[in-house]
Amino acid sequence: MNLELLAAQARTCVACGLSKSRTHVVFGEGNPDAKLMIVGEGPGEDEDLQGRPFVGRSGQLLDKILEAAGIPRQSIYIANIVKCRPPGNRVPEPLEAKTCTSLWLLKQIQLIKPQIIIPLGATALEFFAGEKLSITKVRGKFFEWQGIQIFPMFHPAYLLRNPSREPGSPKHLTWQDIQLVKKTLD
Ligand code: URA
């Protein structure tokens, strides 16, 4: 099995109701040998139309965050908890998340074997933590999951709603967090 084959299988997936309203399956993209993997919640409107993760406003901000730490987007792998856009960008239902991660995300992680995974926001964090945790409390700290270092960070959509750059603000903290990721990777 490899990522391309897995992606081809995912493109025909009808395992949950999200498949009915999608334009594209947004499988994920990037370096198959990435040391760093980023996991978001699910495709938004732009991602659904283009079939690529994090290409809308959140994606543009994510690009800036990565750039600030000197992490090329092509060097990492980017995926989501669910591969099809939830209608109106609602949070994926627990069964949708469970079905999709079991079929696709877990296999992506097994193939890529990253050293670090950054879950962006509460939905991705819940998958790795196995429980609902406050991102504000756990961001910027590593925990281990199946031998992989997990480093939760704020979701860029949250940062777009909280644009302050004051010391201690979510944006300020995020710019610090990504530097720590870069240092740990080197
Ligand atoms: N938000 C996400 O969580 N994932 C995307 O791919 C885009 C926006």
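How many strands form the open sheet, and in what order? There are 6, in the order 1-3-2-4-6-5, with mixed pairing. Strands here are DSSP runs of E, at least two residues; helices are runs of H or I, at least four residues; both are numbered from the N terminus. Two strands pair if DSSP finds at least two bridges between them.

Before you click on, two notes. This is a predicted model: local features need pLDDT of at least 70, side-chain atom pairs count only at pLDDT 80 or more, and totals for chains, interfaces and linings use all residues. Numbering starts from 1 along each chain as its sequence is written.

Glutamate 29 sits opposite isoleucine 78.

**Helices across the sheet.** Select residues 121-129, helix 6. The helix lies across strand 2 (36-40), strand 4 (116-119), strand 5 and strand 6 (148-150), at about 135 degrees to strand 4. Helix 9 (residues 170-185) lies across strand 2 and strand 4, at about 165 degrees to strand 4. Contact means C-beta atoms, placed from the backbone, within 7 Å. Axes are lines fitted to C-alpha atoms, for helices over the stretch in contact; angles run from 0 to 180 degrees between N-to-C directions.

Stay on helix 6. Of its 9 residues, 7 are buried; Phe127 and Phe128 are among them. Buried means 20 or more other C-beta atoms within 10 Å of the residue's own, exposed 12 or fewer, partly exposed in between, with C-beta atoms placed from the backbone. Glycine 130 follows the helix, with a positive phi near 75 degrees.

**Two positive phi values.** Most residues other than glycine have a negative phi. Phenylalanine 54 has phi near 45 degrees, in the loop between helix 3 (45-50) and helix 4 (57-68). Phenylalanine 54 counts as buried because it has 26 C-beta neighbours inside 10 Å. Glutamine 146 also has phi near 45 degrees, in the loop between strand 5 and strand 6. With 10 such neighbours inside 10 Å, glutamine 146 counts as exposed.

**Ligand.** Finally, select the residues around the ligand, including Phe54, Glu41, Glu47 and Asn80. A residue is near a molecule if its C-beta atom, placed from the backbone, lies within 6 Å of it.

Key. Contact = placed C-beta atoms within 7 Å.
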